Amino acid sequence: MVALVRLGLGIQKMHAAGRPDLFVEPSGDALHDYFRARFSDGSHILLAETDAHVAVGYLLAEHATRAANPFKVASSILYIHHIAVELEQQSGGVGRQLMHAAVKLAGELAVTTLRLDSWHFNTHAHGFFEAEGFTPVNIVFEKLLQ
């Protein structure tokens, strides 16, 4: 759990710096509680470790199904909420291993689509996602009124 919190703090700091109007400053205690709840709610947490069993990355995903409705067909997706890799380990294949593990999990769950979203300021991640075969499918527009 300590490793997940450490990795989560890094990603939360980036989000809080990029959009302080949306994201709170990271709290180790709050992240600990958050990850503990994810272990019991059916979420999937994939952890990347070194040979010395030191966690260097994680991926948090959720299997989501949606019944068909008058607007959309039924869907079964594996939604990736977080992927975090230690800064020193980035570009070393850890993220790719996590994504490949997510693809394998998706196959086991009979999922037809992997989906994720990324904030506009996280351009480094965008290149990684595209290299992993993800393509943008939706643009969210926002107008702040304050």
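Reader: Which elements each supply at least two residues of the lining of the second largest pocket?

Author: In this predicted model, local features need pLDDT of at least 70 and side-chain atom pairs count only at pLDDT 80 or more, while totals for chains, interfaces and linings use all residues. Residues are numbered from 1 along each chain as its sequence is written, and side-chain values use heavy atoms, without hydrogens and water. A pocket is an open set of points on a 1 Å grid over the protein atoms alone, where a 1.4 Å probe fits, with protein on both sides within 12 Å along at least five of seven lines; lining residues have an atom within 4 Å of a point. With helices (DSSP runs of H or I, at least four residues) and strands (E, at least two) numbered from the N terminus, the elements are β4 (113–116) and α4.

Reader: Which element gives the largest share of this lining?

Author: The second largest pocket is lined by 22 residues, with Leu116, Asp117, Ser118, Asn138 and Ile139 nearest its centre. The largest share is four residues, and it comes from β4.

Reader: What is the volume of the largest pocket?

Author: A volume is the space filled by probe spheres set on the grid points, which are joined across faces, edges and corners. For the largest pocket, this is about 1100 Å³.

Reader: Which element gives the largest share of the lining of the largest pocket?

Author: Among the 45 lining residues, Ile11, Met14, Ile83, Ala84 and Asn122 are closest to the centre of the largest pocket. Two or more residues come from each of α1 (2–18), α2 (28–40), β3 (75–85), α3 (94–108) and α4 (123–131). The largest share, eight residues, is that of α1.
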